[in-house]
Amino acid sequence: MATALSPEDVESRLRARFGQDILSFEEQHGHAVATVSAERYREVCRFLRDEPDLACDYCDFTGGVDFGPERGFEVVTHLYSTAHHHNVRIKVQLPYDDPVCPTVSDLFPTSDWHERETMEMFGIRFEGHPKPVKLLLSEPFEGQPLRKD
């Protein structure tokens with residue numbers, strides 16, 4: 001049976017592959033948490049999925065955080081390895097005026113609905129998403145209900 005990698009092991013593998021593109025790294029509640037740029041987000045997620053020792057094959061959730069106009073938004077994606085039983089969280093910081101993040105819905109089918117909900121609630125656009133339509137709100141509703149503005 002495969003064993004879970006420690007957050008330190010996840011960090012060393014990510015830093016060995018991506019170097020300074022890992023903007024920050026921390027451990028939260030036993031989970032590895034890496035902050036990456038929007039430009040490297042898809043590549044990091046693909047690496048976490050495809051690297052056999054990491055094998056993060058399940059996207060548990062993708063959501064948004066609104067820190068206000070000064071700090072902008074954050075996209076948070078939580079990945080899980082069903083083979084190794086470890087968790088890795090990827091964060092991407094986005095500007096408040098034009099929050100755009102690449103989609104990972106083709107890498108993780110479960111992220112399709114999570115990204116659509118995040119688009120609808122926060123106004124964060126997921127570039128390349130195949131079906132960016134509303135899930136929760138009626139068509140006449142305008143705005144993003146989870147934004148601080």
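Author: In this predicted model, Asp 21 is partly exposed, because its relative accessibility is 27%. Its side chain meets that of Arg 40 in a salt bridge, with an N to O distance of 2.1 Å. Arg 40 belongs to helix H2 (residues 38-50), whereas Asp 21 sits in the loop between H1 and E1, so the pair ties together parts that are 19 residues apart in sequence.

Glu 11 and Arg 15 form a salt bridge at 3.0 Å, N to O, and being four residues apart in helix H1, they are separated by about one helical turn. Glu 11 is partly exposed at 25% relative accessibility, and Arg 15 is likewise partly exposed, at 31%. This helix, residues 7-18, lies across E1, E2 and strand E5 (87-94), and runs at about 170° to E1.

Helix H3 (residues 111-122) packs on the sheet as well, where it touches E3 and strand E4 (73-80). Within H3, Arg 116 and Asp 112 are four residues apart, about one turn of the helix, and their closest N and O atoms in the salt bridge are 3.6 Å apart. Arg 116 is buried, with a relative accessible area of 8%; Asp 112 also counts as buried, at 16%. In total, the model contains nine salt bridges.

Note on methods:
Residues are numbered from 1 along each chain as its sequence is written. This is a predicted model: local features need pLDDT of at least 70, side-chain atom pairs count only at pLDDT 80 or more; totals for chains, interfaces and linings use all residues. Side-chain values use heavy atoms; hydrogens and water are left out. Contact means heavy atoms within 4.5 Å. Axes are lines fitted to C-alpha atoms, for helices over the stretch in contact, and angles run from 0 to 180 degrees between N-to-C directions. Helices (H or I, at least four residues) and strands (E, at least two) are DSSP runs, numbered from the N terminus. A salt bridge is a side-chain nitrogen of Lys or Arg within 4 Å of a carboxyl oxygen of Asp or Glu. Buried means under 20% relative accessible area, exposed over 50%, partly exposed in between (1.4 Å probe, protein chains only).
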